[in-house]
Amino acid sequence: MTERARWESLATFATGFEADRARALLESEEIPVMVKGPQVGVFGAGFQGVMSGGVELLVPSPEVERARHVLAT
């Protein structure tokens, strides 16, 4: 990615655990990932239960299709 890519929403997960699992999978394929969601709430950043509003994963726009394929397999 030589030019500045726009970050696009890839998926929203109900729990931090699901989002972390997807993030790790994408990063293992060298796809950059940004996590957007409640970082510190009543239970702290380590809380892995259901989060209101969910946890969203974003990837650079040129990587969206490849990231979807990685998560689908």
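## Basis of the description

The model is predicted, and local features need pLDDT of at least 70, while side-chain atom pairs count only at pLDDT 80 or more and totals for chains, interfaces and linings use all residues. Residues are numbered from 1 along each chain as its sequence is written, and side-chain values use heavy atoms, with hydrogens and water left out.

## Overall layout

The protein chain has two helices and three strands, where helices (H or I, at least four residues) and strands (E, at least two) are DSSP runs numbered from the N terminus. Starting at the N terminus, these elements follow the order β-α-β-β-α.

Of the chain's 73 residues, 30% count as buried, a term that stands for under 20% relative accessible area, with exposed meaning over 50% and partly exposed lying in between (1.4 Å probe, protein chains only). When contacts (heavy atoms within 4.5 Å) are taken between residues at least 6 apart in sequence, 79% of them join residues at least 24 apart.

The buried residues of H1 are Gly16, Ala19, Ala22 and Leu26. Seen down the axis of H1, these buried residues fall within an arc of 130 degrees, so they line one face of the helix, the arc being that of the directions from the helix axis to the C-beta atoms. The face turned away from this buried side carries the exposed residues Phe17, Arg21 and Ser28.

## Packing of H1 against H2

The axes of H1 and helix H2 (residues 64–72) come within 10 Å and cross at roughly 115 degrees; axes are lines fitted to C-alpha atoms, for helices over the stretch in contact, and angles run from 0 to 180 degrees between N-to-C directions. Ala22, Leu25 and Leu26 of H1 meet Ala67, Val70 and Leu71 of H2 in this contact.

## The loop after H1

Glu30 lies in the loop between helix H1 (16–28) and strand S2 (34–36). Just after H1, Glu30 takes a positive phi of about 60 degrees, and this is a positive value in a residue other than glycine. Glu30 is also exposed, with a relative accessible area of 68%.
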